[in-house]
Amino acid sequence: MKGPKNQEFRELMVELVRLFQPAVYVEIGVRNGYTFNAIAPLVKRAVAVDIAPMPDIVQTPQVELFQMSSADFAAKWGTVPSGQTPAV
């Protein structure tokens, strides 16, 4: 999987997700979404967090987008019961 600059670990991340089969993947600081878009189809729930707009994220039913700072997301995520989605 040849890709943009600074993506040398994307293939490894995809293989780790295939191996461990997590139900949820959360990526904070998705930028252009290269890694996120490669992993999202492999999990039941994929959460993208970035302070900037995320127009390149492929939106499917399992994808959730949170445009906010990582600190704001962490504060919201930490107060939500397991299995629920934080309110934006």
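**Strand pairing**

I started with strand S1 (residues 24-28) and strand S2, which run parallel and are joined by five bridges. I took helices (H or I, at least four residues) and strands (E, at least two) as DSSP runs, numbered from the N terminus. Two strands count as paired if DSSP finds at least two bridges between them. Val26 stands opposite Val47 in S2. From S1 the chain passes through helix H2 (residues 34-39) to reach S2, and this β-α-β crossover is right-handed. Right-handed here means that, with the strands pointing away from the viewer, the path from the first strand over the helix to the second runs clockwise.

I then looked at the other partner of S2. Strand S3 (residues 63-67) is joined to S2 by five bridges, and these two run parallel. Ala48 stands opposite Leu65 in S3.

The model is predicted: local features need pLDDT of at least 70, side-chain atom pairs count only at pLDDT 80 or more, and totals for chains, interfaces and linings use all residues. Residues are numbered from 1 along each chain as its sequence is written, and side-chain values use heavy atoms, with hydrogens and water left out.

**Cover over S2**

Is S2 mostly covered or mostly open? I found it mostly covered, with six of its six residues (45-50) buried. Buried means under 20% relative accessible area, exposed means over 50%, and partly exposed is in between (1.4 Å probe, protein chains only). Both faces are covered. Arg45, Val47 and Val49 are buried on one side, and Ala46, Ala48 and Asp50 on the other.

**Salt bridges**

How many salt bridges does the whole structure hold? My search found two. I counted a side-chain nitrogen of Lys or Arg within 4 Å of a carboxyl oxygen of Asp or Glu.

One joins the side chains of Glu15 and Arg18, at 2.9 Å from N to O. Both residues lie in helix H1 (residues 10-20), three residues apart, about one turn of the helix. Glu15 is partly exposed at 45% relative accessible area. Arg18 is partly exposed too, at 47%.

Glu64 and Arg45 form a salt bridge as well, with their closest N and O atoms 2.6 Å apart. Glu64 lies in S3 and Arg45 in S2, so this pair ties together parts that are 19 residues apart in sequence. I checked the cover on each side chain's residue. Glu64 is buried at 17% relative accessible area, and Arg45 is buried at 14%.
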